[in-house]
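Hi everyone, thanks for making time for this. Have a look at it first.

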Amino acid sequence: MDIIDRRSNPHGKNLENRRRALGRARDAVQKAVRDAVANGKIREVGEGKAVAIPAEALHEPGFHRVFTQGARHIVLTGNHEFSRGDKLRRPPSGGGGAGGGAGQAGTEGGGEDAYRFLLSRDEFLDLFFDDLELPDLVKREIATTETTAPSRAGLSNDGSPSQLDLGRTMRYSMARRIGLGRPKPAELEEIEARIVALEDIRPLSAEALDELEILRERRSALRQRLTRIPWIDPVDLRYRRFAHMPKPSTRAVMFCLMDVSGSMTERMKDLAKQFFLLLHVFLEKRYKTLDVVFIRHAETAEEVDEDAFFHDPRTGGTVVSTALEEMISVQRARYPAQQWNIYVAQASDGDNSPSDTPRTVSLLEEGILPIVQYYAYIEVTGTGAIIRGETDLWQAYRGVAEKNPHLAIRQVSDRREIFPVFRELFARKPTGEGSHA
Amino acid sequence: MTGTGLLYQGADWNFHIIRDCYKAIEEIAEKELGLNVFPNRIEVISSEQMLDVYTANGMPISYHHWSYGKRFASHENAYRRGLMGLAYEVVINSNPCISYLMEENSATMQALVIAHAAFGHNHFFKNNRIFQEWTDPSQILNYLEFARGYIARCEELHGQGAVERILDAAHALQGQGVNRHSGSRRVDLKDEQTRARERRAYEDSSYNDLWRTLPQSAEPHPVTDGERQALRRRFGLPEENLLYFLEKHAPRLAAWEREIIRIVRLMAQYFYPQPQLKLMNEGCATWVHDRIMTRLHEKGRIDDAAFLETIHSTTNVITQFGYEQGATSFNPYALGFAMMKDIERICVNPTEEDRRWQPDIAGNGDPYGTLRHAWAEYRDESFVLQFLSPTVMRDFRMFRLLDDTRDPYLLVDAIHDDAGYRDIRRTVAASYDPSAWYAEIEIVDVDSLGDRTLRLEHRTKEGQMLAEKDMKLTLDALADLWGYRVVLDEIDVPSGRVVASHEAQQRSS
């Protein structure tokens, strides 16, 4: 008998098979991912999750008989009430197969209607974004090419002389000299001077002769040591090292603008939040560096952190242009348009004080649209939204959107509509020319 | 040398304990129970590896295919969600016989698994006639290795898609990849590699009329019955083993495609005995571990706590639910174990009833010999027919239903009483008959002089036809492999009438 410990053998024998199964059911997987997101569990997107693939997509056919009519016998266990001749109602489970149909399923075994695959975060997001593309990404071709820049990365023992780190090298040299006990040149000079002095004395006393002998010996020892232990040794040399680090060639900033005035209910904010989250996940995938700026506004606008953005209620009227002004000032201060891809997502219920709307439009058209990659405006509507028709803001934005393809506007009234809207906004366009009416 | 004291205490195990337990168990198995086993190899694995083993039908190696990925996902999920505990063991019918122990098991469970798998199953694999006939345990591991390597090479040469196409189609026909009726040919798994090479040489030198590409003579001369017969003979028709037929005669397949079909066919054949022996195999193994663990306790080698743990886990395994709990079939562990215990009881301590029902074994005083004989010579169907006693039927409270679709009700036509025992036993036995599971499909004709249509028959009864959707997909797969039109007739055997006819054309690959 042998006992073999196989626990340390390579694990994950079935990764390849799993990959193939996912590949085979790609369409179904994609749909499952879409559903998973549409059902509002966006927060979990970051963690990877299980998707259910309908068994249909991975069906393995074979010849097998099914009982549909005729007579057959079935033996069951656990009888404690029947006698011969009893008649039982057929179980309702459908058709002629009834009672024993289940019996056959038992022998067949695999009665699953869906297979669940646990996807890692990357797998999930890859599938999620597979058929999406950021608008106008083509314009910035650098998005895909990675540039590198030399950056200081410690010290090394070799390098070109121009990179010699003198301070470091001397420190090592001194440490070595002290460590190995290299005599100081001054000490040698002193002894040599004494020797010269003694040599000049004549006649030489016996003690002086002895001293001379000792000093000569000492001198030769010191000389030897001085030559053996150099002032600077190759081991002391230190060069500055540079590593080529990938430079984040694409940086993006996402401005989240939201109306937090009294008319925005929690539900509406929640809808808006889902949109922001989705956009965030999406941009995070595409850009190495992604900053998010939250700007909320009622009568006035301010930059806040995420928590306050979503949870801190405000009251008062609505002046949208304040948010746009705030956004422009933040952008000017921190995110120069030449270095950053700028995305703006604005959520509102469409209310604005009438006098402010012209100013909003002009800010948008002149100050913002020229510098941003994309501006998405979603209008979240309450339950009675349909009757309300078009809001002021909607009308105003629509006029701008007709002239500017990278301003997208949509109305959303239910969380289920979030994802379709998102998809539509960012759908891959065959020409790279972004436009939606 | 084997010592006498406790083998271990508590739940922790180490390799010394396993070795000691093995020795103690081996002594009981061989000296007291008279078991005869393949050399054992015990492998300790983690639960994650156990899932892998599950996926590959208990095989340590398998080729890559998406269907395994699917199976893995479903096992993994059931396991993670706690719907399924992992089996404590998996054992491979090979020589040496490999048993997997999970590292999470307690010391008692490891001992139990050794008794169950390394001796119970192992004895059964080695001695049962059907396993002996159908499988070649000494070669299976090598063959798996070959199969995986071969298929991987094919993927490199011909692309994953092309290989997958053949595998998918062959898998669909797996159930028809065995010679059930014409008797088993013991597969010679040796020299597969050389054989693969020789196949090509043989094909170059042989001639197959189906490959004729020269124009036929303008006058289609009438084919006589005699000629037709001769052709059928040459193709060995009728042929129930569809995969075998395709491998040998499909005109359009490349040599590597035939080899892949052969691999699938041989695997199907290797697994063929398992379902028809499941009841006995599990019954045997459960009885053996129960017996051995009891003896270990009696001999003072395990303590009371360990013995209680044994009883607890045995009881879990042999629970049979009644119809009210939704059970629609027998738990093979439960029925198998109950029958083994019952045989033991009849041999040693029979009642009057047993003497009437089992005159040849009742009171023969040799329970172990009787069981060993049964394990060797029977399969589930004949075993039930021979040994299912009134006692077991009563214990399980079995009853029989007549399901006649013309009636609006189900009729209870036999229960566990004198009038019903024989009926019940017959029906239970019949449900273990493999012919009850497998559709009886044969290739009956090849139109080798005409358009090469392949003709199949499904012999069945009205009301027991092939599941429509699967049948269509499978027929498509068959047509793909064959390369030409395929026709499948479903025949009502009693009347000889063709009840349905289906056909499929090969799709362009």
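This is a predicted model: local features need pLDDT of at least 70, side-chain atom pairs count only at pLDDT 80 or more; totals for chains, interfaces and linings use all residues.

Before anything else, one term: buried area is the accessible surface that two parts lose on being put together, summed over both, using a 1.4 Å probe.

Three residues of chain A, namely Arg20(A), Phe63(A) and Arg65(A), supply 13% of what chain A buries against chain B, more than any other three residues. If you'd rather count residues, 64 from chain A are in contact with 98 from chain B.

Next, the polar side of the interface. There are 46 residue pairs in polar contact between chain A and chain B, counting pairs with both residues at pLDDT 80 or more. Which elements of chain A supply at least two residues each to the side that touches chain B? The list is β1, α1, β3, β4, α3 and β5. The one that gives the most is α1(A), with seven residues. Sorted by class, that side of chain A has 21 nonpolar, 22 polar and 21 charged residues.

With charged residues in the picture, let's talk salt bridges. The count over all chains is 48, and eleven of them run across the interface of chain A and chain B.

Let me show you a few. Glu43(B) and Arg6(A) form one, with the closest N and O atoms 2.6 Å apart. Glu43(B) sits in strand β1 of chain B and Arg6(A) in the loop between β1 and α1 of chain A, so this pair joins two chains. Are these two buried or exposed? Glu43(B) counts as buried because its relative accessibility is 2%, while Arg6(A), at 24%, counts as partly exposed.

Another one is Glu60(A) with Arg71(B), at 3.4 Å between the closest N and O atoms. This pair crosses between chains too: Glu60(A) is in the loop between β2 and β3 of chain A, and Arg71(B) is in helix α3 of chain B. Here Glu60(A) is partly exposed at 26%, and Arg71(B) is partly exposed at 22%.

There is also Glu164(B) with Arg24(A), at 3.5 Å from N to O. And if you look at Glu16(A), Arg19(A), Arg20(A) and Glu155(B), you'll find them linked in a network of salt bridges.

For contrast, here is a salt bridge inside chain B: Glu377(B) with Arg129(B), at 2.8 Å. It links distant parts of the chain, from helix α17 to helix α5, 248 residues apart. Both ends are partly exposed, Glu377(B) at 36% and Arg129(B) at 43%.

Now for strands. Which strand of chain B pairs with β3(A)? That's β4(B), residues 399-404, and the two run antiparallel over six bridges.

Moving along chain B, Tyr409(B) lies in strand β5. Tyr409(B) is partly exposed, at 24%. Setting aside sequence neighbours within four places, Tyr409(B) is in contact with Lys87(A), Leu88(A), Arg90(A) and Asp404(B).

Further on comes β6(B), residues 440-446, which is mostly covered, with six of its seven residues buried. Its antiparallel partner is β7(B), residues 454-460, again over six bridges. In that pairing Glu442(B) has Glu457(B) as its bridge partner.

Last stop is Thr460(B), which is in β7(B). Thr460(B) is buried because its relative accessible area, 6%, is under the 20% cut-off. What does Thr460(B) touch, leaving aside neighbours within four places in sequence? In chain B the answer is Glu490(B), Ile491(B), Asp492(B), Val493(B) and Pro494(B), and from chain A there's Arg65(A). Thr460(B) and Asp492(B) are 32 residues apart in sequence, but 5.3 Å apart in space, C-alpha to C-alpha.

Notes. Residues are numbered from 1 along each chain as its sequence is written. Chains are lettered from A and ligands numbered from 1 in the order in which they are written. Side-chain values use heavy atoms; hydrogens and water are left out. Contact means heavy atoms within 4.5 Å. A salt bridge is a side-chain nitrogen of Lys or Arg within 4 Å of a carboxyl oxygen of Asp or Glu. A polar contact is a pair of N or O atoms within 3.5 Å; within protein, one must be able to donate a hydrogen and the other to accept it, and residues adjacent in sequence count only if both atoms are side-chain atoms. Helices (H or I, at least four residues) and strands (E, at least two) are DSSP runs, numbered from the N terminus. Ala, Val, Leu, Ile, Met, Phe, Trp, Tyr, Cys and Pro count as nonpolar, Asp, Glu, Lys and Arg as charged, and the others, Gly among them, as polar. Two strands pair if DSSP finds at least two bridges between them. Buried means under 20% relative accessible area, exposed over 50%, partly exposed in between (1.4 Å probe, protein chains only).
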